Structures are given as C-alpha cells and as structure tokens.
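Hi,

Here is the structure I promised to hand over.

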Amino acid sequence: MSDNVTFKNWFSQGGSDYARFRPEYPAALGAYLASLVTDRASALDVGCGTGQLTRLLAEHFTSVVGADPSASQLASVEPHPTIRYVAAPAEQLPEDFAGFNLITVAQAAHWFDLDAFYREARRVSAPGGILALISYGVMQLDEELQQRFQTFYYDEIGPYWPAERRLVDEGYRTLAFPFTAFPTEAMSINLAWPLEGLLGYISTWSAVKKVQDAGKSTLIEAFSQDIRRLWGNPETLRQIVWPINMRVGAL
C-alpha cells in the first residue's frame, strides 16, 4: 500500500468505537444487493471496517469475505461462520482472490486509489460480477436540533473534513465510475438513538479527529453542550435519518 493511501486510513485506530457507534445498514440493503446477481456463491466486501455491511451479505451469499487494511477495525468484528476477514488494502487484494459474484464497498470508496482498486475488482470478479459502491450522506435530525447540527457540520468543523468527504456529501455522483451504471433503489438508514449514540457517532468522524489534532477541541465541546441542552433528557430516543447513495455497475 502506498504512503498516500496509508496516510488516508483515518480509521486505523478506534475500531471498538466504530463498531459501537456507526449506524447499521437496513436489511433491505442486503436483499437489494443480493438481487443484483443470479449466482450468490460468493461476495467480497472491501474496506469492510467492523463488518456492518459484511454481516448483511452473509444472509444472502454462501460465502463472504471482508477485507480491510486496519487491524484495529478487524479486531472488532463479530465472528460469523460464513464470513472470512482478511487484512488487505483495496488497492492490493490477496493474489488468491477470485470469482466473486458481488463486490461491495460501503462508506469507504472515497478513500481509495480508485484506478488501482478498479483494476483489482476486475481481477477478482467472477464473469458478469457486479460492483456496488455504497455511502450514506449527512444525517438529518429533528427540526429543533438540525440547525445547530448543520452549523457544526458545515461551518465549524467543515474546514477540517478531508477533501474526499465532498464525494460523500455529493452522494458519490461525482465519483469516478467507469462502468455502465444501473438504476438503484432509494433507501435510507432510520434509527432512534439516545444522546450518547449521536455523540459517539460524531466522535468517529475523521474531521473530529483532525479538530482534536489541531488543538481546537473547544469547537466540539461547545457543540456537545448546545446539543445536550437542546436534546433534553439524554435517554430520550430521537429519530435520525441518513440517505443511502449507491453507484452500481457490471465489471
């Protein structure tokens, strides 16, 4: 893996928090992805992190492999009888990988060297294999919380987001995708979280890590205080929605 790709691996630490606080994908997403292929023998989830999407694929495919370069992320996965996890970067998958009917990337493709990854995806794909790049966009909160959140996200920590985050905000529409794209279904992640869930999720953001590294933690502390006040009882469950965006095509 190149030094550039290593530098961009923002999630090389903190796998336990990532597993605890990152939102889970809906079961409908796993079913939709499985519907894209006629042969469900094997699927590969690249940049799998702690396995949020990988576990969904295991409900539909005979065997599933999850690949991620981060030992911390892989140390936090839940063991599953039909899933094999492998430490490997997207741009240099193991030589013996081959014959995957479906290859997925969830909330990670914007970090990849896409040219190198696409070469690898073509190499390890089964004939007629499908590639699906999935991301979830900026979360939407209750109306009374939304304005404060937007100020925090776009104005206060906005300058600390890595440039690649723009691709997520744009729903991957501008992501290089040299394949004939399929139409996709509209989906979203819909969860009811207490305050701890929201703040824990925000703590996993790459921009938050950069704010802390820059010695600007007061931005995060001020937002936390404001959102606690607006939230009320921290155990109150509030609805949070993330739009799911996809680019899907044949390899």
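To start with a quick one: does Asp 142 count as buried, exposed or partly exposed? Asp 142 counts as partly exposed, at 23% relative accessibility (buried is under 20% relative accessible area, exposed is over 50%, and partly exposed is in between, with a 1.4 Å probe and protein chains only).

Before the rest, some ground rules. This is a predicted model, where local features need pLDDT of at least 70 and side-chain atom pairs count only at pLDDT 80 or more, while totals for chains, interfaces and linings use all residues. Residues are numbered from 1 along each chain as its sequence is written, and side-chain values use heavy atoms, with hydrogens and water left out.

**Overall**

The chain has 11 helices and 7 strands (DSSP runs numbered from the N terminus: helices are H or I with at least four residues, strands are E with at least two). Its radius of gyration is 18 Å, close to the 18 Å from the globule rule for 251 residues, so the chain is as compact as a globular protein of that length (taken over C-alpha atoms; the rule is 2.2 Å times the number of residues to the power 0.38). Of the 251 residues, 54% are buried.

**Salt bridges**

There are 9 salt bridges in the structure (a side-chain nitrogen of Lys or Arg within 4 Å of a carboxyl oxygen of Asp or Glu). Asp 142 makes one with Arg 238, with the closest N and O atoms 2.8 Å apart. That pair links distant parts of the chain, since Asp 142 is in the loop between β5 (125–136) and α7 (143–156) and Arg 238 is in strand β7, 96 residues apart. Arg 238 is buried, with a relative accessible area of 10%. Its charged end also sits over the ring of Trp 231, 5.4 Å from the ring centre (CZ of Arg or NZ of Lys within 6 Å of the ring centre and within 35 degrees of the ring normal).

Another salt bridge joins Arg 148 and Glu 156, at 3.4 Å between the closest N and O atoms. Arg 148 counts as buried at 14% relative accessibility, and Glu 156 as partly exposed at 22%. Through shared partners, Arg 148, Glu 156, Asp 226 and Arg 229 form one network of salt bridges.

**Aromatics**

I got 19 aromatic pairs from a search of the whole structure (Phe, Tyr and Trp rings, six-membered ring for Trp, with centres within 6.5 Å; planes under 30 degrees apart are stacked, over 60 edge-to-face, the rest tilted). Take Tyr 201 and Trp 242: their ring centres are 5.6 Å apart and the planes are at 90 degrees, so the pair is edge-to-face. Tyr 201 is in helix α9 (residues 195–203) and Trp 242 in strand β7 (residues 238–250), so the pair ties together parts 41 residues apart in sequence. Both Tyr 201 and Trp 242 are buried. They belong to one aromatic cluster whose members include Tyr 25, Trp 161 and Trp 205. The charged end of Arg 165 sits over the ring of Trp 161, 4.8 Å from its centre.

**Core**

The largest nonpolar core has 57 residues, and those with the most contacts inside it are Tyr 25, Leu 33, Met 139 and Trp 205 (buried Ala, Val, Leu, Ile, Met, Phe, Trp, Tyr and Cys joined through side-chain atoms within 4.5 Å). Apart from it lies another core of 29 residues, among them Ile 103 and Trp 111.

Cheers
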